[in-house]
Amino acid sequence: MGTVSKPKVVAIGGGTGMPVLLRGLKKLPIDLTAIVTVADDGGSTGRIRTEMEIPAPGDIRNVIAALSDAEPMLLELFQHRFTQGNGLSGHSMGNLLLAAMTSVTGNFNNGIKEISRVLNVKGKIYPISNENMSLHAEMIDGEIVSGESNIPLAQKKIKRVFLEPQPVKPLPNAVRAIKSADLIVISPGSLYTSIMPNLIVPQVKEAIASSKAKVVYVCNAMTQDGETTNYTASDHVKAIHDHIGEACIDAIVVHDKKIPDEIQALYKSENAMPVTFDEKRLNDMGLHVIAGNILAESHGSLRHDNEKIASLLFDFV
C-alpha cells in the first residue's frame with residue numbers, strides 16, 4: 001500500500017478574513033496553499049506600492065503571520081507598526097521586510113518565499129501576481145471608482161469590479177496550485193475588494209472552472225458598508241458567479257445562529273448588519289449548505305472561529 005497523500009487545499013482571499021481561516025487550516029493534515037490578493041492600496045501598503053513599485057504587501061504580511069510558527073517575539077516584531085518618525089510612521093515592519101526581501105531576491109514571490117522560510121511558515125503562500133495591479137469598480141449607475149480603498153467610500157451599489165492594467169499576469173504557481181487542488185476555499189473578507197481581485201484574473205477564473213476540486217465559499221457573517229449593504233448569503237454567491245461566469249461554487253459555509261444584540265449594536269455604528277442566511281435560495285442555486293455556529297466573539301467584535309471552520313472544511317474534504 002502506498003502512502004495516502006494529503007489532500008491539497010488552496011485558500012484564496014485577503015483582508016481580515018483570510019488569516020483567521022488559515023490559522024485553523026494550518027493545524028490540519030493537509031497540503032496547504034494560500035493565494036493572496038495584492039490589490040490593496042491603503043496606508044503603509046499603498047505608500048510602499050507607490051514608492052517601491054512592488055505589489056501590495058499588507059495582506060501577504062498578515063497571511064505570513066497567520067501561517068508562521070516563529071517565536072512570538074519575532075512575529076510581534078514582524079507585525080510592529082511604527083508610530084514615530086517622518087519616513088517610518090505608519091509603516092509596518094513586515095511590509096518593509098517584504099519590500100527589502102523583494103529587492104534582495106529580485107521579485108516579490110521570491111521575497112515571500114524567503115521570508116516564509118525565515119519565519120517557519122506552514123504551507124505555501126503565493127501572491128496572485130508579481131505585478132502591481134489596481135482595482136476599479138463600475139457602480140449600478142455607471143460611475144467608475146478607482147482604487148481598492150475608494151470603492152466602499154462611494155456608498156453605491158457595485159455592479160462589477162475589474163483590474164488594470166490588463167492583461168493581469170497571474171503567478172504561474174498560483175494557477176497551478178488551483179488546477180491541482182482537491183479543495184478550493186474562498187475565504188471570508190471584503191467581497192469586492194479582497195476576494196474578487198483574485199477570482200477575476202482570467203487564468204484564475206479558468207483554473208477554478210477546470211479544476212476537479214470542490215469549491216467552498218466561507219460566507220461573511222456581517223454585511224460591509226459600501227460593499228455588501230443588505231446582502232444575503234446567496235447575494236454573496238451570486239456576485240461571485242456574476243464575476244467568474246458560471247456556477248463554480250459547490251458549497252457554502254454559513255453562520256446560522258442569532259448574533260447577540262449587544263454585538264449587533266456595535267456593528268450598527270459601522271452600518272453593518274448580520275448577513276441573512278437564506279437557505280432556500282442557496283438550495284435552489286444547487287449549493288451544498290454547511291451551516292453551524294461558526295463565530296467567536298473577541299473583544300466585542302465577531303470573527304470566524306478558525307477551529308470550527310477548519311473541522312467543517314476537513315469533514316467536507
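Buried means under 20% relative accessible area, exposed means over 50%, and partly exposed is in between (1.4 Å probe, protein chains only). These close-ups show a predicted model, where local features need pLDDT of at least 70, side-chain atom pairs count only at pLDDT 80 or more, and totals for chains, interfaces and linings use all residues. Residues are numbered from 1 along each chain as its sequence is written, and side-chain values use heavy atoms, with hydrogens and water left out.

View 1. Lys-257 is partly exposed at 45%, and Asp-256 is partly exposed at 31%.

**View 2. Lys-258 meets Asp-261 in another salt bridge, 2.5 Å from N to O.** Both ends count as exposed: Lys-258 has 62% relative accessibility, and Asp-261 has 52%.

**View 3. Glu-307 and Lys-27 form a salt bridge, with the closest N and O atoms 3.0 Å apart.** The partners sit 280 residues apart, Glu-307 in helix α13 and Lys-27 in the loop between α1 and β2. (Helices, H or I with at least four residues, and strands, E with at least two, are DSSP runs numbered from the N terminus.) Lys-27 is exposed, at 53%.

**View 4. Tyr-192 and Tyr-231 make an edge-to-face aromatic pair.** Rings of Phe, Tyr and Trp (its six-membered ring) pair if their centres lie within 6.5 Å; planes under 30 degrees apart are stacked, over 60 edge-to-face, and the rest tilted. This pair has 6.3 Å centre to centre and 80° between the planes. Both tyrosines are buried.

Conventions
Salt bridge = Lys/Arg side-chain N within 4 Å of Asp/Glu carboxyl O.
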